[in-house]
Amino acid sequence: MASLQEYLFVSGLLFAIGLAGVLVRRNIIVIFMCLELMLSAANLTLVAFSRFNTGPDGLPDYNGQVLVFFIITVAAAEVAVGLAIIVALYRARQTVDVEDLTSMRG
Amino acid sequence: MEGLFFYAFSGFAVIGALALVAFKNPVSSAMSMVASFLGLAALFISLNAYFVGIIQILVYAGAIMVLFVFIIMLLDLKAEERKTKYNPLFLVGGVFIPLVFLIQLCGILPHVPNAEPEPLHLKESARYFYDQEKEASKEEQSEIHKSLSKGDLPDVNLIGLTMFGHKGDNETIKTPGYNFPLQIVGVLLLVATVGVVALSLRKKTTGEPEPGDPDSRPEP
Amino acid sequence: MEYLAWLLLLLPLLCAAAIQFGVKDSPAAAANLSVASVVGTFLIAVLLVFNSDFSSSFTWATAGTFTIQIGILGDQLAKGMMVVVTGVGMLVHIFSLGYMKDDEAKARYFGGLSIFMFSMTGIVLADNFIMMFIFWELVGFSSYLLIGHWFEKKSAAEAAKKAFLVNRIGDFGFMIGILMLWGILGQTFLFAEMEAPAKALPESQATIVGIAVLLIFCGAVGKSAQFPLHVWLPDAMEGPTPVSALIHAATMVAAGVYMLFRLQVAAGTSIFEGFAGTTIAWIGGITTLLAALMATQQDDIKRVLAYSTLSQLGYMVMAVGLAGEAGIEAGQAGMFHLYTHAWFKALLFLGSGAVIYACHHEQNMWKMGGLFRRMPKTTMTFAVGTLALMAAPPLSGFWSKELILAQALEHNPPLFWIGAGVAVLTPFYMMRLFVVAFLGKPRDHGAEKAKEVPPVMLVPLIILGVLAVVSAFSLIASSIVPDNDFHAHGFHPNMVFWISLGALLLGAGGGFLLYHGRSSDPLANNPLFKLFRNKFYLDELYLKLVGLFQDTVAMAVHFLDEFLINGMIVGGLARSTAGLGNIFRRLQSGNLQGYAILFGAGILLVIYLTVFAR
Amino acid sequence: MTLALILLPLFAVIAILMGANPRAAARNATGMMLFAGLGLAALWALGTRTFLGVDFLVLSKPEIHLALNFFDGMSVIMMLLSVIVAYAAARTGDCEDRHAKLWNISLLLIAAGAVGAFLSTDLFFFYAFHELALIPTFLTIGILGRGDRKEIAWKVTIYLAFGSIILLAGLLWLIAASGTPDLSFESLLKCTVPVAAQRGIALFLLIGFGTLVSLFPFHSWAAPAYASAPAPISMLHAGVLKKFGLYGLLRLHPLVPIGMASWLELIIVLLLGNILWVGFVTINQKRLDSMLGNSSVMHMGYIFLAIAALIAAQSESANPIAKPAAILLMFGHGVTIAMLFGLADRIERLTGTLELRDLGGLAKQAPKLAFLFGLAAMASIGLPGLANFAGEVMVFIAGFKGWEPDTPPGWVQIATILSLWGLVISAVYMLRAFRHIFQGPTVEFTRNASDLSARDRSPAVLLAAVLLIVGLFPNILLQFLEQPEAVVAREQAHITQHPRPPQPAGSAPVQPHPSPSQ
């Protein structure tokens, strides 16, 4: 079975790819997907730690998995609200390209 | 054998992720994301986290993905066009920063213990919980009891115990549980639902400033 | 007794409050209420004189172990002074009923008078310095109110302001003096507790004590209008004439003398020894001379009286100052003069008020004349007052001035000769005033049509006229002026008597001869007298100084504040913040990915710092 | 019960947001605050000490309580000042209907913040409530202010943020150096700050609090801000909120007496800057509102003089007059300046101008206004019988408390003497203003002015009554303060604890950590 190091590396790799997507892509929906990917990558870390941190009773540390459960729940809410904001934004500006959304320029 | 699965599914997830970033068409990106999440779910399952893996598939690959695709369709988005004045700094930063991050990760990983995971004592635990359950409720033999008696330990059960708290042998509280956060999350979901509805409502009037709007005060 | 005394203090205050908050819209009621209250206080004051001493107090402010008391101290001095204050006050109130009959703001006027009576009573009865300062300020305030009674007149408003400000300058020194004396005399404000520490003062503190006394004297300089802060008093004549009689002649301006004498009684005259007492006496002497010289060339009838008030106050201050050398007797002489002066100066002012009233508010004496025939009773009382002020024997002014001159001759001969010189000038200018205004022929139609004033104004004049004659006799004076045994010893004509009699005849005769039958001042074009007429140009000098110092400095400071502090030093901070903000503004491109890159770079930096850099 | 004082304005804010009539809500809430405040003060005066407060633990490490209670008599007096001025402010000024919401919400929030800051017995909320009150101040100036409102709002924000940050740094340093187990004043004041750290902490506190109190040379924000802000906001800020800094200095002085004493000369120079320098600036003002703003800056100098006397004496028992004097003057000044700003607003409404040279003879048209303004002006220049005088005279006595007649006057005495000249200066500008506005012949702007209506008068009448009552009987307020025996006992107790070593920060007793699910 794979070691903790390997799981963490995969998790980091996914996170980095997600980060790269956030930085490179201009479509705000794709950026949003990349954010979800980063979240899931973090979840992988948690689950891996949970599995590799077995207690004296020989069971994984389920606190980690409960945390993942919470993260997924929050992420679902986040996606719903985020997409609603994107829709509202699109209605107002007729674009989802972040290059065009610069009204916060100082 | 398990090692092979690991490499296969992690490769699947990574390729899906790369495709997510690389595709120009948002629908294709969404599909690649599904692939990546499926791979991740498999990795969860390989870590004995069946419940989380299933949730990952149900919530992400199922619900959330549908939402994404639906919105993409709704907005009728086309593939990104190449902009004339795309700032190359973003491309450089977008490659450079994740790369440095990976390098830093590689710098840390050697300090992580590189051991095989300890084997899980699922059977013993199943027996232990079976005994406890039998003491608590003698009459009925539920499905859980049956599977426990067979030595199968559903990890949903364990997550539930962690989530809601359970008592140990000496009647002292072993884990206090996450009842309060759970309720908070419930409230959060409710608020999110209300918020989404509020956001999606179209304003009837446009242009007219509201009476209390201070910005509409004329300059003296 | 204490209750009566508290009532004496509070009655005018209650009356003022009732006028302001109750009967403001009914002037007649306000006037009657005010007169009733002052009659009540006079009766109480007389009652108290024939009773034993009293004292009573309550704690006004507490701070830890430190307390400030408000208390009344009813010794012989205070009780006597109360009779003077309430007596003059009562007559002035009654006179005002006639004088202010048709005034628009009668209620405000009587309210102001009541406030003044309250404040003056407080000064007289105060049993400690802080309480005295409190009422000291309050009399200044009521004087401000009453001088500015006709505030629509620019000159009245300016005069009120000037009076308040000049008094404030005096109070600046006064407060420092009070605080220093507090530190010196073992941290007590109470007059009753001052004697022991004052006796035990070491020789080494003589200088600091002298400075403290002089600073306290600053208060008297302001309130009693001594040189160099005398400039407000003549201007204060802008107020209604009864106010001038009550406040700016008889009572308030004498408060400075009273306060100094109170200190001498409380702490002994020893603290006035040395340069402090000498300085005070000389300031008094200079004031009396300068004021008398200025009085010789004034045309406004009230201003002549105002300068004569200054001059007489100079006598009193001189006497009080001599107490450092001469002991308490000199101070008593000053108080005696204060007492007699109050009656005859009130008489003179009220008399001039009657004249002004009769001449339809004409104050220039060269536009009067021949009033003797038209208003003989007023003229008679005015003549009595004039004689008393001239110190003609055996009127009241003679006795008290004699006493002061005797003290001066004994302890400070140069001051005696100044006093004697002023004793020539006083009859001179008073004779000028009397001859020009009352004798001869009317020079203006206002004077032609003048009629005798109504009884409500005449009666106070007559009472005061009687008092101006008899008040110095021991039958009356002994129960009011403290420890005055002057008359008990009888009177023997001595050198002082002959000198002052000669001065009186010289001045009065000169004045009569020079001004009898004239219609304009023969000395007006004499350059020396021009100097007197223009008050030695002191007002102009002050105006220039104030303009130079206060306004220029204020402007310069304002400029520096705007451009140095606000603009450069502290403003520089604001501007550099703004500049920094401008730099950071560039980073706020509004571009999501720009932010994300910065954010990512920041996280990398944090990881580096937390993980690798240790 | 003290919580009610905060909740009343906050509920009113919620009610306004939900559509209640803003003016009525603000007036009712401040009226009830006044009522409740007077009631609580009466209870305190009758001897009740214990059951008044509320205490919520909001954070356990470091231990922070949302504790609202009267820490001592000083809190009671400041609370009274807040509710009185809030009552008057809510009844002053007219705004257009479309601004009524913002106007009244700001007012209520400032009142709530001020009361909260003075009632917090916990350092964190003491600071936080003040900041809460500052935000609506900035907003109101920026949105509803007069003149160059944007720039003034920025200026105020920058100055006050600067002061707050310096103050925060000082407070954090103080907490670290004292090693206090929690942030409540009670445990804080039992601690001893190492002498080495006191000097630095004291400087930070002085500059931080000083900027909030417009101490020279950080004063130039105040006058334009008060001139620009709507009248109720000026009243609340100048009258109440600004006293936060002085309150804080008095509250924290026992912790860093030696450090403060080492900056005595600096404080004295700065306070003289307030009194004399700003005094001259005030003389040169041509508009009533900026004159009042500057005069309020100037009068801060006198309160600082009392604080300087306390600092020079290093302990309350050595100079028992200084602290009560400062508190009394804070109260008197707060009421007076609120009254002046409120009446200046009326004058502007009646005549349409505040330029002194355009006005004149208003006393003829509006005698009641003249009476009230004259009363406030006289209070401001220290007329006996009104609250300020009692404070001022005690400040001066406090200044001379430490003087030995054998020695030449010390720093504090010299400062006292020079400050006394400030009384002349303030008389100059106040009387000049009164003379120009109310006296002299009637002019174009004042010809058609009418007098105040009973409704317009009511806030000023309340403030005037307070000035008179406190001025005639200052003991009504001073009785709230500690008895001398209590001060000595407290300081003795502190001294006996003194030689203990400063606690390391980690050794604070760990509180049992309650689980959220229980």
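Predicted model: local features only at pLDDT ≥ 70, side-chain atom pairs only at ≥ 80, totals over all residues.
Helices here are DSSP runs of at least four residues and strands are DSSP runs of at least two, numbered from the N terminus. Chain D holds 22 helices and two strands.

Now for the overall form. The C-alpha trace of chain D spans about 75 × 70 × 45 Å along its principal axes. Its radius of gyration is 22 Å, which agrees with a compact globule, because one of 518 residues would have a value near 24 Å. Turning to the inside, 62% of the 518 residues of chain D count as buried. Contacts tell us how the chain comes together: among those in chain D with a separation of 6 or more, 81% join residues 24 or more positions apart.

Next, look for the domains. The domain assignment divides chain D into domain 1, made of 1-173 + 222-242, and domain 2, covering 268-518. Taken over C-alpha atoms, the centres of domain 1 and domain 2 of chain D are separated by 19 Å.

Where do these domains of chain D touch? Here, 28 residues of domain 1 are in contact with 29 residues of domain 2. On the domain 1 side of chain D, at least two residues each come from helix H2 (22-45), helix H3 (73-90), helix H9 (222-228) and helix H10 (231-241). H3(D) supplies the largest share of that side, with 10 residues.

Terms used
Residues numbered from 1 in each chain as written. Chains lettered and ligands numbered in written order. Rg over C-alpha atoms; globule rule 2.2 N^0.38 Å. Buried ≥ 20, exposed ≤ 12 C-beta atoms within 10 Å, placed from the backbone. Contact = placed C-beta atoms within 7 Å. Domains from an automatic or database assignment.
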